[in-house]
Amino acid sequence: MTELLQQTVEGVGAGAVYASLALALVLIHRFTGIVNFAQGELAMLSTYVAWQLMASGMPFWLALPVTLAVSFVGGMLVERVVIRPVEGAPELTLVIVTVGLFIFVNAAAGLIWSFTVKDFPQPFPDGGIDLAGVSVGWSTLGIIGVVAAVMGLLYLLFQHTSVGLVMRAVAANPTSARLSGIRVGRVLMLGWGLAATVGAVSGVLVAPLLFLEPNMMGGVLIYAFAAATLGGFDSPVGAVVGGLLVGIAETLAGAYVDVVGADLKIGVPLVIILVVLLVRPQGLFGRAAVERA
């Protein structure tokens, strides 16, 4: 039983990272209806920004807010320069654009920083606490705390500010919002900037656990897609819950299912995506689309 609890705790820690990137995917989808395949690469690029700042002598907890600010501006520029010109285009066009952005950002990061693996400092101290025989590392607690703080700030933004009210109006019905005098284009830029900021958090959290190189977010993006699919692409809460469930499922499958082990864990999110799409396409917290005759 203790071993099961230990694996579950580790799964929650991993799931919190997946949840943060899934949250970025959901934010963009809610505002624009776009599934951003480049979200992981944008997070990777932000992580390199943080690494470069720390390499120049800036401490982590000072480099982090600077990185988030750069990510926010970068996300808005991506919306304005890359996405705005194809606004209203067929879905396939939007998919191709985001895949192209994925390839471009990956190549640009490799050109600037090379594809050599780099160390990224762990922002949380070593060790942890022992709860009834279950060891919980400070890094796990720190990751969970950061993701919880991000969720709390997003809740306050969307539910208790005028900016959040405007953003919710655009997400619900951009046409009506535009007729009401809301500058929808600026709100969409803000949404992309916000998603890029949340994605940057996931990159900074995952880099110390894996490694820093241009391809580091490829696997994490698959887990984030599974989390968003499971929770529902129109539900930020669902993204977080889905991320935690995917993290726990992956960890338990790797520990207790022999055919999965450590090498086939990547198959777990793929199976989750397939099952959800077949059984409940809108996800656990999503709403099924209703078409009126």
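Is arginine 183 buried or exposed? Arginine 183 is exposed, at a relative accessible area of 54%, where exposed means over 50%, buried under 20% and partly exposed in between, with a 1.4 Å probe and protein chains only. The close-ups below come from a predicted model, in which local features need pLDDT of at least 70 and side-chain atom pairs count only at pLDDT 80 or more, while totals for chains, interfaces and linings use all residues. Residues are numbered from 1 along each chain as its sequence is written, and side-chain values use heavy atoms, with hydrogens and water left out.

**View 1. Arginine 183 in its loop.** Look for arginine 183 between α7 (174-179) and α8. Helices here are DSSP runs of H or I with at least four residues, strands are runs of E with at least two, and both are numbered from the N terminus.

**View 2. Helix α1 against helix α2.** Two packed helices are described by the angle between their axes and the distance between the axes. Here α1 (residues 2-32) and α2 (residues 39-55) pack at about 120°, with axes 10 Å apart. Axes are lines fitted to C-alpha atoms, for helices over the stretch in contact, and angles run from 0 to 180 degrees between N-to-C directions. The pair α1 and α2 is therefore oblique; angles under 35 degrees count as roughly parallel, over 145 as roughly antiparallel, 65 to 115 as roughly perpendicular and the rest as oblique. The crossing of α1 past α2 is right-handed, a label used if the near helix is turned clockwise from the far one by less than a right angle, with left-handed for anticlockwise. On the α1 side the contact uses Leu21, Ala24, Leu25 and Ile28, and on the α2 side Gln39, Gly40 and Ala43; contact means heavy atoms within 4.5 Å. Sorted by class, this contact holds 5 nonpolar, 2 polar and no charged residues. For that sorting, Ala, Val, Leu, Ile, Met, Phe, Trp, Tyr, Cys and Pro count as nonpolar, Asp, Glu, Lys and Arg as charged, and the others, Gly among them, as polar.

**View 3. Helix α1 against helix α9.** The axes of α1 and α9 (residues 218-231) come within 8 Å and cross at roughly 65°, so α1 and α9 are roughly perpendicular to each other. This crossing of α1 and α9 is right-handed. From α1 come Tyr18, Leu21, Ala22, Leu25 and Val26, which meet Val220, Leu221, Tyr223, Ala224, Phe225, Ala227 and Ala228 of α9. The class count for α1 with α9 is 12 nonpolar, no polar and no charged.

**View 4. Helix α5 beside helix α8.** The axes of α5 and α8 (residues 184-206) come within 11 Å and cross at roughly 170°, so α5 is roughly antiparallel to α8. Ile143, Val146, Val147, Val150, Leu154, Leu157 and Phe158 of α5 touch Leu194, Val198, Val201 and Leu205 of α8. By class, that makes 11 nonpolar, no polar and no charged residues.

**View 5. Two residues of helix α5.** Leucine 157 sits in α5 and is partly exposed, at 22% relative accessible area. Setting aside residues up to four places away in sequence, leucine 157 touches Val163, Gly164 and Leu194. Tyrosine 155 also belongs to α5 (residues 138-160), and at 49% relative accessibility tyrosine 155 counts as partly exposed.

**View 6. Serine 46 in helix α2.** Serine 46 is buried, at 8% relative accessibility. Beyond its neighbours within four places in sequence, serine 46 is in contact with Thr67, Ser71 and Ala200.

**View 7. A salt bridge between glutamate 79 and arginine 84.** Side chains of opposite charge can pair when their charged atoms come close. The N to O distance for glutamate 79 and arginine 84 is 2.9 Å; a salt bridge is a side-chain nitrogen of Lys or Arg within 4 Å of a carboxyl oxygen of Asp or Glu. By this rule the count is 1 salt bridge. Glutamate 79 is buried, with a relative accessible area of 2%.

**View 8. Serine 114 and its positive phi.** Most residues other than glycine have a negative phi. Serine 114 has a phi near 70° and lies in the loop between α4 (91-113) and β1 (128-131). At 27% relative accessible area, serine 114 is partly exposed.
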